[in-house]
Amino acid sequence: MTQSLKPSRCALVLAAAFAAQFAHAADTAEQRAEKLVSQMTTDEKINLVFAHFGSEFNGKQPIAGSLPQSAGYAKGVPRLGIPEQFQTDAGIGVASQPGKKVRERTSLPSGMATTATWNPSLGFQGGAMIGNEARLSGFNTMLAGGVNLVRDARNGRNFEYGGEDPLLAGTMVGEQIRGIQSQKVISTVKHYAFNDQETGRNILNVKVDEQAGRQSDLLAFQIAIERGNPGSVMCSYNRVNGDFSCENAWLLNKVLKQDWGFKGFVMSDWGATHSTIPAAMNGLDQQTGYPFDKSNYFEGALKEAVTDGHVPEARLNDMAKRILWAMADSGVLDNPVKDEASKIDYAAHAKVSQADAEEGIVLLKNQGNILPLAANAKRIVVIGGHADKGVLSGGGSAQVYPVGGMAVPNEGPKQWPGPIVYLPNSPLKALQARSKAKFQFVDGKDAAAAAKAAAGADVVLVFATQWTSEGNDVPNMSLPNNQDALIGAVAQANPKTVVVLETGSAVAMPWLGSVAGVVEAWFPGTNGGEAIARVLTGEIDASGRLPITFPESENQLPRPKLDGVGLKQDQKFGVDYTIEGATVGYKWFESKGLKPNFAFGHGRTPASATRT
Ligand code: BGC
């Protein structure tokens, strides 16, 4: 039988794809975006600039096409090869909206922990790892890159961010963004800007001098954008100097697009769009997360505004072009996503997360070189923090659900931002695997029982936790659930007590003078138990350094009382950042001559530890 010389259908398709690829090769992302826009109808442009929440909302089914329990979805334009946008949270890994069938994925340590490594290459590697999981999960957009400056230790979302210093935060978060986008996935940088507290985030108005703003929060964004080149910037819920961030001409048109030359698109946070014409004219390029907003401003209303000339067609073209530029520049346009989750290498990814956690753990206090644990210790008592089961993670939209299920079921709020999720990697078990000592675990609910168990032990390790989440600030800097009293009682029974903190941010330490050691392990991610055990036993050096100041108490902060606390839900209020301006964090402490518990950059290295 002779083979036909007639090209098969498959070969023709391949040839067409090759020709298209070749034609693109000469074009810049900008030229490709422009060409595509010129071929699009108004309805097709609207497909790109109006995006939905990807999950069930108030009993309503999610929009067709979105991935289950995902954050967002926008339609594509199949006839032009423009893909749908599949959006997933966040900066710590592929998150899931709560529900029956959560996606179980690898969790990085908190952003704060990653920043405490001061190691940009770990930022990049972590970003590449979660970007890879996003792509293999069928997502082409990651709502990552949280870089709001830590102005207040009580902010519930500090764990998602990069600390209080614009250069450090911008560098570390920028590298993470670069890592995510190395997987041909668009990353955001968020929440632009000054969304530095959760209390009243939807209604508060931040007052800030423009110059001080550019030297603080905006500088962190600027550096992250320069370094990471994100395809998108997510504008925040709050107002800034009177205008909502997502229709704030100064923030969006002037600083971001004009002064910094940002070429990508501005997407709204979920429910942060408040209008059609002002938002479109002042710089918003995509309304997403509908129906969190009151109206579908960027759908029919935007089309009508363009038809009537209230929004020039050129502006709609610019919105679409910016989205297409991000797709072309990141590789999303040429590399379609599909669900290939079975290809995720969880074992390798857990190691990436662990490397990050290990370098981010900060040894705050080490009196008498109590750490690393003495090899000849005979009896070690471990107390609290569910250390027998796992490690804590932060809640809200950034919540990554662990492979293998939650270590501690039924903890915390039943509704979002709950539940409280412990990742199944037990520090106790990891310690037992490395030490000949006899271990006793006490849950810590009864301080007297814990103190009794602690008496006479060679070392006592108290695991203290502070769950923080999106949507709420913590009421004060104290550890919750009487843990201060627990630590006090244990330390009194046995001064050879080391406190291991798993917290979102800085906490007060009324017991600091009576314990021998303090270790800040943050939310340490998928292999957090292993990482903590390696540091405690001296298998590796504790090398993390604080990316934030640890105040003695909230009385040392620019706002001893958080603005908005105690107000009725819809009552408007202002947050006055002119108090400290750009003098954020350690700059504030220095300018006021205040002595914190631990300064920015602090971190000890145990005398006997060997570097690996
Ligand atoms: C958060 C964003 C997140 C979005 C989508 C919002 O509540 O502020 O950070 O990306 O939800 O889940």
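1. The largest nonpolar core holds 78 residues, and Tyr192, Phe298 and Leu302 are the members that touch the most others in it. Helix 12 (residues 313–330) supplies the largest share of this core, with nine residues. The model is predicted.

2. Leaving aside residues up to four places away in sequence, Phe298 touches Ile46, Val49, Phe50, Ser275, Thr276, Ala279, Ala280, Leu284, Asp285, Gln286, Gln287 and Met319.

3. Next, helix 15 and helix 16. The axes of helix 15 (residues 447–454) and helix 16 (residues 483–493) come within 8 Å, crossing at roughly 25 degrees. Angles under 35 degrees count as roughly parallel, and helix 15 and helix 16 are therefore roughly parallel to each other. The crossing of helix 15 past helix 16 is right-handed. On the helix 15 side, Ala447, Ala450, Ala451 and Ala454 meet Leu486, Ala489, Val490 and Ala493 of helix 16. By class, this contact has eight nonpolar residues, no polar ones and no charged ones.

4. Last, helix 13 and helix 17. Here the axes of helix 13 (residues 346–360) and helix 17 (residues 528–536) come within 9 Å and cross at roughly 40 degrees, which makes helix 13 oblique to helix 17. Helix 13 passes helix 17 in a right-handed crossing. Gln354, Ala357 and Glu358 of helix 13 meet Glu530, Ala531, Arg534 and Val535 of helix 17. The residues of this contact divide into three nonpolar, one polar and three charged.

How values were computed. Residues numbered from 1 in each chain as written. Predicted model: local features only at pLDDT ≥ 70, side-chain atom pairs only at ≥ 80, totals over all residues. Heavy atoms only, no water. Axes fitted to C-alpha atoms, helices over the stretch in contact; angles between N-to-C directions. Helix = DSSP H or I, 4+ residues; strand = E, 2+ residues; numbered from the N terminus. Parallel < 35°, antiparallel > 145°, perpendicular 65-115°, else oblique. Left-handed = near helix turned anticlockwise from the far one by under 90°. Contact = heavy atoms within 4.5 Å. Nonpolar A, V, L, I, M, F, W, Y, C, P; charged D, E, K, R; others polar. Core = buried A, V, L, I, M, F, W, Y, C linked by side-chain atoms within 4.5 Å. Buried < 20%, exposed > 50% of the residue type's maximum accessible area, 1.4 Å probe, protein only.
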